[in-house]
Amino acid sequence: MPRSIEAPKTDGQLPPPVKSSPTFSPSDVTVLFVLGGPGAGKGTQCANLVKKYGFTHLSAGDLLRAEQERPGSQFGDLIRDYIKNGLIVPMEVTIQLLENAMTEALQKSGSSKGRFLIDGFPRKLDQAHKFEESVCTAKMVLFFDCPEKVMEERLLERGKTSGRADDNAESIRKRFRTFIETSMPVVDYYEKQGKVVKVDATPSPDDVFIKTQKHLTERLGKEF
């Protein structure tokens with residue numbers, strides 16, 4: 001497994017490294033991690049779950065892309081370079097962005113209770129540990145399993161219109177390698193805890209969503 005690359009010193013703007021307890025209690029906040037290779041269809045399935053069940057969808061990638069474009073962001077150039085090269089952004093940055101987004105969503109809802117789909121995170125095992133220590137324990141992992149060939153075809157097609165710098169063949173292959181080397185151990189870790197729901201993401205999005213609903217209902221009950 002490749003060594004993680006540390007974030008540069010940023011004049012104290014990284015979040016405090018130590019917390020005595022997580023920010024959110026799992027009795028109030030339900031977190032489902034959504035994992036799968038690039039192009040597995042995570043975003044589409046999250047959108048379906050939001051529409052039908054009222055989850056709040058937080059995409060780690062979207063938050064990072066928004067942050068790199070935010071005027072005055074000290075991390076903008078760093079995030080841009082990491083994403084372009086298919087590398088994982090330092091976890092302190094990503095975790096703080098996720099926590100901020102969760103806090104904002106709860107404030108908007110006027111409630112201390114919420115349900116979150118966290119899409120494309122954690123991408124490394126140390127990220128999983130750090131998130132659960134500082135933000136909230138995850139209830140479950142939704143893992144969308146898809147062959148590399150299918151994912152590459154989807155991403156190259158998306159790249160024709162997405163405008164994303166990482167939707168090109170070279171970046172895609174780097175992202176595949178990164179996912180296999182660093183993210184699959186996350187899936188294996190949660191699988192040993194009995195927390196993984198594995199869904200075949202090869203069929204059409206509608207068929208995948210039917211399977212996803214079936215799995216979640218079996219695990220969480222009809223009223224999840």
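E67 and R70 form a salt bridge, with their closest N and O atoms 2.7 Å apart. Here a salt bridge is a side-chain nitrogen of Lys or Arg within 4 Å of a carboxyl oxygen of Asp or Glu. E67 is buried at a relative accessible area of 11%, while R70 is partly exposed at 42%. For those words, buried is under 20% relative accessible area, exposed is over 50%, and partly exposed is in between (1.4 Å probe, protein chains only).

A quick note on the model before going on. This is a predicted model, where local features need pLDDT of at least 70 and side-chain atom pairs count only at pLDDT 80 or more, though totals for chains, interfaces and linings use all residues. Residues are numbered from 1 along each chain as its sequence is written, and side-chain values use heavy atoms, with hydrogens and water left out.

**Salt bridges**

The count comes to 12 salt bridges. Three of the residues involved, R164, D166 and R175, are linked in a network.

| Pair | N to O distance | Helix |
|---|---|---|
| K108 and E104 | 3.5 Å | α4 (residues 91-109) |
| E157 and K160 | 3.0 Å | α6 (residues 148-162) |

K108 and E104 are separated by about one helical turn because they are four residues apart in α4. E157 and K160 are three residues apart in α6, so about one turn separates them too. Helices here are DSSP runs (H or I, at least four residues), strands likewise (E, at least two), and both are numbered from the N terminus. As for accessibility, K108 is exposed at 69% and E104 partly exposed at 41%. K160 is exposed at 63%, and E157 is partly exposed at 49%.

**The annotated binding site**

The unreviewed UniProt entry has a "binding site" annotation covering G39, A40, G41, K42, G43, T44, R158 and P203. The lining of the largest pocket includes these residues: G39, A40, G41, K42, G43, T44, R158 and P203. UniProt positions follow the numbering used here, feature names are shortened, and annotations may be inferred rather than shown by experiment. On a 1 Å grid over the protein atoms alone, a pocket is an open set of points where a 1.4 Å probe fits, with protein on both sides within 12 Å along at least five of seven lines; lining residues have an atom within 4 Å of a point.

Take two of the glycines. G39 is in the loop between β1 (29-36) and α1 (42-53), and G39 is buried at 16%. Leaving out residues up to four places away in sequence, G39 touches M151, R154 and L155, where contact means heavy atoms within 4.5 Å. G43 is in helix α1 and is partly exposed at 34%. Setting aside neighbours within four places in sequence, G43 contacts H57 and D119.
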